[in-house]
Amino acid sequence: MARALLRRRGALSSLLSAAAPTAPSLVPSLSSAAALAQLRSPLDERLLRLLRSEISYVADRRPPHQPPTSFRSFAVEDRPGEQWVRLRAARRGPGAGEEAIKIDATLFDGVAELPPDASLFNRVEALEQGPRLHLSLIVEVARADRVLGFICSAWPDNLTVRHVLTLRGAGAATDDRGARDFTRRKLEPAEREAVKKFLQEREVDAELAEFLHDYVANKEKMEMLRWLKTVESFVEK
């Protein structure tokens with residue numbers, strides 16, 4: 001569904017580019033919608049019909065739903081118009097300290113590909129199940145003046161850690177843009193289980209990955225619908 005929406009959006013972008021004027025022109029001030037409609041070119045009218053058809057398809061046949069504002073202990077920040085979503089949580093850490101957990105998740109940024117030597121059965125099964133989409137997470141766990149970060153891959157049914165991020169130098173200072181200064185290193189095989197357990201204790205696990213896939217699929221519909229209506233408004237004027 002996500003890939004189909006992106007293809008539709010690309011086709012509409014091409015039509016919009018073709019409909020854009022190549023030179024500035026003076027348009028008389030008209031107040032009535034009928035008069036404005038008379039000034040539109042046949043290509044504009046065709047584009048409007050296509051836009052309204054797509055809006056009807058997304059809004060009526062596959063309508064997005066109101067996104068949840070929380071998941072488990074996390075508060076979810078939707079960020080309309082942006083290509084990512086943020087989750088925040090606070091929990092009591094070891095001892096008397098408190099931890100702040102922040103997760104930034106992209107929209108879908110990849111898809112699993114079958115190996116070249118995959119059997120015919122596996123290829124048919126993959127076609128029936130649809131694409132196996134991927135999204136990326138940056139998880140940040142802050143405690144007092146210590147911060148750990150993790151770059152993760154979220155699939156529909158599991159979450160894997162690709163890299164661990166640690167602060168350079170002492171303290172948890174940020175740069176002028178508010179971004180933390182991290183250095184990245186890959187996980188050794190012996191460390192993966194300990195890191196997996198560390199994140200599971202903080203509810204960063206396969207269940208979160210499943211939630212994010214559902215959330216992002218819905219967000220992509222909402223963003224597509226918002227974009228279509230913006231383009232429609234532009235063409236109407």
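Student: How many aromatic pairs does the count come to in this structure?

Tutor: The model is a predicted one. Two rings are taken as a pair when their centres lie within 6.5 Å. By this rule the count comes to three aromatic pairs. One of them joins Phe-71 and Phe-211, with 4.3 Å from centre to centre and 15 degrees between the planes, and this pair is stacked. Phe-71 belongs to strand β1 (residues 70–71) and Phe-211 to helix α6 (residues 206–236). The two are 140 residues apart, and the pair links distant parts of the chain.

Student: Are Phe-71 and Phe-211 buried or exposed?

Tutor: A residue is called buried when its relative accessible area is under 20%. Phe-71 is buried, and Phe-211 is buried too.

Student: Why is the pair of Phe-150 and Phe-198 called tilted?

Tutor: Planes under 30 degrees apart count as stacked, those over 60 as edge-to-face, and the rest as tilted. The planes of Phe-150 and Phe-198 stand at 45 degrees, so this pair is tilted; the ring centres are 5.7 Å apart. Here too the pair links distant parts of the chain, 48 residues apart: Phe-150 is in strand β7 (residues 146–154) and Phe-198 in helix α5 (residues 189–200). Both Phe-150 and Phe-198 are buried.

Student: Which residues do ring pairs link into a cluster, and which residue lies over the face of Phe-198?

Tutor: The cluster consists of Phe-71, Phe-211 and Tyr-215. Over the face of Phe-198 lies Arg-202, at 3.7 Å from the ring centre.

Student: How should I read helix α5, and where are its buried residues?

Tutor: Start with its length. At 1.5 Å a residue, the 12 residues of α5 should span 16 Å, and its end C-alpha atoms are 17 Å apart, which agrees. Then look at burial. Val-195, Phe-198 and Leu-199 are the buried residues named in α5. Seen down the helix axis, the buried residues of α5 fall within an arc of 90 degrees, so they line one face of the helix. Pro-189, Ala-190, Glu-193, Ala-194 and Lys-197 are exposed on the other side of α5.

Student: Which residues touch the most other members of the largest nonpolar core?

Tutor: The general idea is that in soluble globular proteins nonpolar side chains tend to be buried together. In this model the largest nonpolar core has 33 residues, and Ile-103, Leu-137, Val-139, Phe-150, Leu-199 and Leu-212 touch the most other members. Two or more residues come from each of β2, β3, β4, β6 (133–143), β7, β8 (159–167), α5 and α6. Helix α6 gives the most to this core, with six residues.

Student: How many residues of β7 are buried, and how many bridges join β6 to β7?

Tutor: Strand β7 is mostly covered, with seven of its nine residues buried. Nine bridges join β6 to β7, and the two strands run antiparallel. Leu-137 has Cys-152 in β7 as its bridge partner. The two strands form a hairpin with two residues between them, and Ala-144 in the turn has a positive phi of about 55 degrees.

Student: In which sense do β2 and β3 pair?

Tutor: Strand β2 (residues 74–77) and strand β3 (residues 84–92) pair in the antiparallel sense, over three bridges. Ala-75 has Arg-88 in β3 as its bridge partner. These strands form a hairpin with six residues between them, and Arg-79 in the turn has a positive phi of about 60 degrees. On to β4 (residues 98–106): nine bridges join β3 to this strand, and the two run antiparallel. Trp-84 stands opposite Thr-106 in β4.

Student: Is Phe-74 buried or exposed?

Tutor: Phe-74 has its place in strand β2. Its relative accessible area is 1%, so Phe-74 is buried. The C-alpha atoms of Phe-74 and Arg-86 are separated by 9.5 Å, and these residues are 12 residues apart along the chain.

Student: Where are Arg-72 and Glu-203 found?

Tutor: Arg-72 is in the loop between β1 and β2. Although Arg-72 is not a glycine, it has a positive phi of about 55 degrees. At 36% relative accessibility, Arg-72 counts as partly exposed. Glu-203 lies in the loop between α5 and α6. Glu-203 is not a glycine either, and its phi is positive, about 65 degrees. With a relative accessible area of 24%, Glu-203 is partly exposed.

Notes. Residues are numbered from 1 along each chain as its sequence is written. This is a predicted model: local features need pLDDT of at least 70, side-chain atom pairs count only at pLDDT 80 or more; totals for chains, interfaces and linings use all residues. Side-chain values use heavy atoms; hydrogens and water are left out. Rings of Phe, Tyr and Trp (its six-membered ring) pair if their centres lie within 6.5 Å; planes under 30 degrees apart count as stacked, over 60 as edge-to-face and the rest as tilted. Helices (H or I, at least four residues) and strands (E, at least two) are DSSP runs, numbered from the N terminus. Buried means under 20% relative accessible area, exposed over 50%, partly exposed in between (1.4 Å probe, protein chains only). A charge sits over a ring if NZ of Lys or CZ of Arg is within 6 Å of the ring centre and within 35 degrees of the ring normal. Two strands pair if DSSP finds at least two bridges between them. The expected span of a helix is 1.5 Å times one less than its number of residues. The arc is that of the directions from the helix axis to the C-beta atoms. A nonpolar core is a set of buried Ala, Val, Leu, Ile, Met, Phe, Trp, Tyr and Cys residues joined through side-chain atoms within 4.5 Å.
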